[in-house]
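Please keep the sequence and the structure in view while reading.

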Amino acid sequence: MVTKPLTKNIDMSRPPLDIAAYEASDGYQSIKAIAEGLSPDNVMQIVKDSGLKGRGGAGFPTGLKWSFVPRGDSAPKQKYFVVNADEMEPGTFKDRLLMEGDPHLLIEGMIIGAYTIQASTAYIFLRGEYKVSEKALKNAIAEAYERGYLGKNIQGTGFDLDIILHTSAGRYICGEETALLNALEGKRANPRAKPPFPQVSGLWGKPTIVNNVETICNLPGILTYGVDWYHGLTKGNDHGTKLFGISGKVKTPGCWELPLGLPIRQLVEEYGGGMRDGLELRAFLPGGGSTDFMLPEHLDLKLDYDEIAKAGSRLATGTMILLDNETCPVGMVGNLMKFFSHESCGFCTPCRDGLPWVDEIFNEFESGRGTRKDLQILHEHVDYLGPGRTFCALAPGATAPLGSGLKYFADDFDKHIKEKRCPYRH
Amino acid sequence: MAKIVIDGIEYEVNPNNNLLQECLSQGLDLPYFCWHPCMGSVGACRQCAVKQYRDTEDKEGMLVMACMTPASEGSIISVEDPQAKDMRERVIESLMISHPHDCPVCEEGGECHLQDMTLMSGHNYRRYDKKKVTHRNQYLGPFINHEMNRCITCYRCVRFYDDYAGGTDLSAQASHHHTYFGRHEEGVLESEFSGNLVEVCPTGVFTDKAFSSNYARKWDLQTAPSVCTGCAIGCNTTPGERYGSLRRIVNRYNSEINGYFICDRGRFGFDYVNSEERIEAPLARKEGQLAVVPKGQLQSAIDTFQGSDVIGIASPRASNESNFALRCLVGDENFYSGISDAEHEATQLILSLAKDSAFNAPSVRQIELADAVIIVGEDVTNVAPRIALALRQSVRNKAKELAEGCNIPQWQDAAVRELAQHDRSPLAILSSYATRLDDIASDIVIDSPTEIANIASAVANRISGHAPAASSDEASVAQIAAQLIEAKRPLVIAGSTSGSVSQLQAAANIARALNEKRGDVIDLCLLVSEVNTIGMSLLVNERNSLGAALEKISNGQTKKAIVLENDLYRRAAKQKIDEAFQKVEMLVIDQLPSATTAKASLVLPSTSFSEQESTYVNYEGRAQLSFQVHRNHAAALPAWRWLSDQQSGDIESLINRCAEEAKNFDKLDDLLPDLNQFVAGMKIPRQSHRYSGRTAMKANLNVHEPKQPVDDQSVMSFSMEGIPATKDSAVLGAAWSPAWNSNQSISKFQEEINGDLKQSHVGELLIERNETGSYLSLDQRPNNLNENLQVAVAYQIFGSDELSAKSNTIQERMTDAYVALSPKDAKSLDLNQGDSVSLDGNGNIAIACIRSKMKQGTVAVYCGDNDIDRHSLGTTIALSKVTEAKMKRGIQGLIVSDLCEEGY
Amino acid sequence: MQASVIASTATQARKLCAEEIKEIEHEMQLYPDKQAVGLEALKIVQKHQGWVSDESLLGISKFLDIPVSDLESVATFFNLVYRQPVGRNVILFCNSVSCWIMGSESMRSYINGKLDIDFGGTTDNGDFTFLPVPCLGDCDHAPVMMVGDDLHRNLTEGKVDEIFSEYKSKE
Ligand SMILES: Cc1cc2nc3c(=O)[nH]c(=O)nc-3n(C[C@H](O)[C@H](O)[C@H](O)COP(=O)(O)O)c2cc1C
Ligand code: SF4
Ligand code: FES
């Protein structure tokens, strides 16, 4: 029984499997199933049944998303399938593992996705700095063409697919799916208004699906081993496995494929090896830089989308950033604010002009000049940059660590003001 | 119609609009920046936040951007909700973080949308105490100043300049709070609509450079509703004057014509009015020289030009009143056209087509509705720029149609563009050279003038076999014909400026064929070149061409002529004019000296467009009233006054008389507002109620403001006295409404956003269509079968119009005369880019401009500011290289996309 | 879109080299719209020239017939397009949160002291340009940086010394 469908082929001490070895490890079985008669509608139903949720951050059900793509004769002929491989969320290092470790898995998943929505062109929007992934994917794509998994009439299915690897010129906002489409079109990566959603008018105005790398890597397993198997993987309410990562001052930081629904504590203590000697866990961001802080008291919650949401945060990318008791929480939030401020695309006012102010205020705190008035302004910005106020989700993402940080680390902010310096600096 | 509830009050709204637009239409004050009535919504500024509730049960509500939310049936929103207000206050606070707060030295101050919105949003205490972001400004040419520090990043500039007007040299650069709007490097903004940036920018980033150097606050300008005299479209403008000099021109909203935008010729081409060269006093020839006429002798000098043998030559740039007064003076028979014979012939044809019930002359707004267009021979951008801007919108009808199919609202600007990509409604251009609209054209045919007429005929014949037969191997004929047949609202554009009657005839046949095939009235837009070409031509007998007048002079049938505001050297070959001028004694009335005034025996100074009240008839046959803005402080009078009895009478009675006596003009008097319709019968002040008369700027000279003259002629007064036009927008000079000091206040005067002005005057269409015409046979002038090159006429937006070309601002953008030719022809003539070329061996010299898209055998001649005696050139010419070249400006500034770079 | 360029500016354009043209033409097959190729062309030119000069920008504009201001608009938007000359090796130093927790600030000052440049600077000898970069997605090996195309993990002062000497000796 396969229990780690995402990483079963991954061994970072060697190059990724070539296509023959990949095939030998049940690879490309799903394409054979398609060739044997699975219709796009069948595949869509299977993916819906699997309960797969997007791993890019928002956790939106994948099958449902696909079903919004117009079908039938009146629908535009040209459609696009796009892989979001722009991984730039601070503290997130999971898609890199998949692409460097098992590129064929992604390609197989892409064929499934593209087939389902009947897109004959697929782009991988890859972060420019991911040079190793680029090389691995290039090789794998070439192999897949050679073996007839890409190109015209794939495996006799009558379905054509070209995969084009696009390397980004760098900007966090490119990860936002509509900004990504603009970047692919060679435009400034400002996000687009929704509606219309990309499923209706996306890349070059055509119906488009954007999925995260990890989401897509779930597809071959679901098709090859079936929905029941997939449902059996989990330990919680959400289905399948997920990549979970830990960074920060734990003994063994890293990224592992684990069933959804595992208690957080198990992840931190068993896989992360617990905090380094002499340090205590102060708080953690459960799924990258745009999630709310959680506290040690939350350690017994399950790694499920809903459960984490109940605690006021988001599972999001599933890669945790741990804050220890000797690192300044104000500095940590400040670091994130600098990031968000710099990566704002500059389109909408609250984000463009609000975040730099927030950033400036953190600089003041850092150098001991922060005031109560500044603190008040930070509090206001939590609302001001929140969901619905800005054009896209970047700024609301920034308010997650900001708002929860102000709440949980109020004492630390106070100390900075009172002592006119960062109390963590010696 | 849908019902929505705003703060507890129910409103009837149009569900196809967004909430912001509807709130404004209902007269509510909701602040905004990035939204523009003509450019739709993008949701960037977040200033228009309101609270929306799911239903009556929902007490929480949710903040939404009004501009990005449809005004759908049953919507419940609150503008006054504290959370929404707080959001708007935060947004404006953010926008002001790096703003320099330099209102006292900013040209926008006092009519600044940012100032208005700051107040409206309730931001009045500054909390930001960190460093501001600053930028470096760029030199953007003679029209526009750049002051980036004032930017609030609303993206309106690039959305207008690139998306709306098709410009390519302004863009958003960098990102986050360093976002910058400028060119890739310093240099002249290329778009001929760049001046609109001044009005589109809600703050003082892009300001009017010419105005800056001679500045007065909006409230210190004396203004009145005026009409642009730059071309035959008749865009509505508001000129502003202070201390006797005309300072600037801004757009004046007219729902049928210019809407919110005018071109740069119209905006910047006025300062000839302030020229030191203006004729200040009556001049008479004495011993060969023109000298000021002593006071007592003037009337007798004028009186010598009376009698049945005096002829009058009319003017296409003079008002109806002046032309009509001249006609009254000399009589119908002695009243002659003031345009070239070729243009006269074409214009007469245009007038006959204007009476044809098969056609409609589309307004600019109607042009925007066209979904398939063919242009035959006209360089629209350079002769009727505002229509070129309208055509850029018309090709987007395809996008709008696609959007409708996908349920994307039309105001979702970016989404509509994204969906359509490069899909456009068809626009076919048949021309003798590449034009500025080529980038949006679906079909471009470049050929000789005769062949263009032939191809157009072939299109007509393809549409209906009844149209005169024509054969052409041009591949796109069938496609162009099909596009026009299938369109919802096809449009045919042609005109007199191509210089080819046969092209005009062929275009008329296309429209006729469409009418026959489709059975509906066809939009036929016929362009003429000057502000009142149509008005003048309606007053002139068809046979009274300029040529006929010159012949009469040559024959000795007349010895005296009155020339009205016209430099006849622009109208006929120099030799002919010279000959005629030797045989005739002339009274010339004009504003500036010209080659013609130099030959006059009596010169009378006339007022400029801004110094008189007058009417003009545009290309559609639409008559419009233009008010006097300020007085001429010299002896100039409106030309009609010189020509009427005893220099008296008033404009109203003249207009009434014209309406009574002149055929087609019977609706002219409807243009006149009636004082009784105004509040308490009070006049409308030309000065704002903040006009700082007594804080005289010239206090160093004299602390007394001169007493304002009394205007006994019009419904406006030369002072602050009276009641500003709040409701009666027929005389809306500068729009202003409480809390709305900027031009955006116009929404307070509209029936609805983008709609008609309340009680609006959009002019009167004079010509009745009650004739049925038939196909025209083409009047092809036989081509001299020689080695020569066929001549097409070229124009420049900056230079081709006589008066605007005398403005200093425009002159900075003008080029010399040039002759455009194909690389092959250039090669055989051994010509390089920029060489001097003799056009005919008679001293007509132009600069060679080698263009890759010219057809071999055709040249396009641009005459510069009358550098070339164009009427002496035949339909074909022989070019030769000349060595000496004394050019004033060169052709560096010429903006053409197909200039061959390294020669050929 | 037609690029209407006043002739005098266009003559400053650099003629793209054959390699660049070949690669740009390849990209044309991959994207249905030339604006997309414009961004690819910027990356290609940078790959060959190290950065995108004004002359190169004009060269691309001319070659693809895209308005130069559109190119500038995207060139200045993206972090990895350099519109100023950079050193032979670009250091992309992760300054995001996990690396920050793991001490990237002190590593930054160490490099700063060692090369005598801070973020945005280029060494006098043109060997290195030092730039910050958002999270490099290698947080379990923080702190990290890239030099050229190579990723360097678990940085320590000793490691940094080694890395720089290696790049020096590469030349
Ligand atoms: C600012 C911002 C950055 C994002 N960055 C990424 C990213 O790097 N990778 C990713 O897969 N999704 C990212 N997302 C989420 C995407 O917009 C989108 O939801 C996701 O790619 C959808 O894929 P999924 O349905 O497979 O999760 C980002 C969202 C925002 C608002
Ligand atoms: S929130 Fe606004 S400025 Fe920020 S990235 Fe999104 S669209 Fe751009
Ligand atoms: S006007 Fe609505 S967001 Fe700018």
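## The interface between chain C and chain A

A polar contact is a pair of N or O atoms within 3.5 Å; within protein, one of the two must be able to donate a hydrogen and the other to accept it, and residues adjacent in sequence count only if both atoms are side-chain atoms. In this predicted model, 19 residue pairs are in polar contact between chain C and chain A, with both residues at pLDDT 80 or more. On the side of chain C that touches chain A, the elements giving two or more residues are helix H3 (34–49), helix H5 (68–75) and helix H6 (97–101) of chain C. Of these, H3(C) gives the most, with five residues.

The extent of such a surface can be expressed as an area. The size of an interface is often given as the accessible area lost when the parts come together. Chain C and chain A bury about 3,500 Å² between them, and 63% of this area lies on carbon and sulfur atoms. In terms of residues, 36 of chain C are in contact with 53 of chain A.

Charged side chains also take part. Two salt bridges are counted between chain C and chain A. A salt bridge joins the side chains of A:Lys131 and C:Asp149, with a distance of 3.9 Å from N to O.

## A buried strand in chain B

Which way do the residues of strand S16 (residues 310–313) of chain B point? B:Val310 and B:Gly312 point one way, whereas B:Ile311 and B:Ile313 point the other way. All of these residues are buried.

Strand S16(B) runs parallel to strand S24 (residues 560–564) of chain B, and four bridges join them. Within S24(B), B:Val563 is the bridge partner of B:Ile313. Strand S16(B) also pairs in the parallel sense with strand S17 (residues 335–336) of chain B, over two bridges. In S17(B), the residue opposite B:Ile313 is B:Tyr336. Between S16(B) and S17(B) the chain passes through helix H9 (residues 320–330) of chain B, forming a right-handed β-α-β crossover.

## A covered helix in chain A

Is helix H8 (residues 177–184) of chain A mostly covered or mostly uncovered? Helix H8(A) is mostly covered, for eight of its eight residues are buried. Among them are A:Glu177 and A:Asn182, together with A:Leu180, A:Leu181 and A:Leu184. After H8(A) comes A:Gly186, which has a positive phi, near 80°.

Notes: Residues are numbered from 1 along each chain as its sequence is written. Chains are lettered from A and ligands numbered from 1 in the order in which they are written. This is a predicted model: local features need pLDDT of at least 70, side-chain atom pairs count only at pLDDT 80 or more; totals for chains, interfaces and linings use all residues. Side-chain values use heavy atoms; hydrogens and water are left out. Buried means under 20% relative accessible area, exposed over 50%, partly exposed in between (1.4 Å probe, protein chains only). Two strands pair if DSSP finds at least two bridges between them. A crossover is right-handed if, with the strands pointing away from the viewer, the path from the first strand over the helix to the second runs clockwise. Contact means heavy atoms within 4.5 Å. Buried area is the accessible area (1.4 Å probe) that two parts lose on being put together, summed over both. A salt bridge is a side-chain nitrogen of Lys or Arg within 4 Å of a carboxyl oxygen of Asp or Glu.
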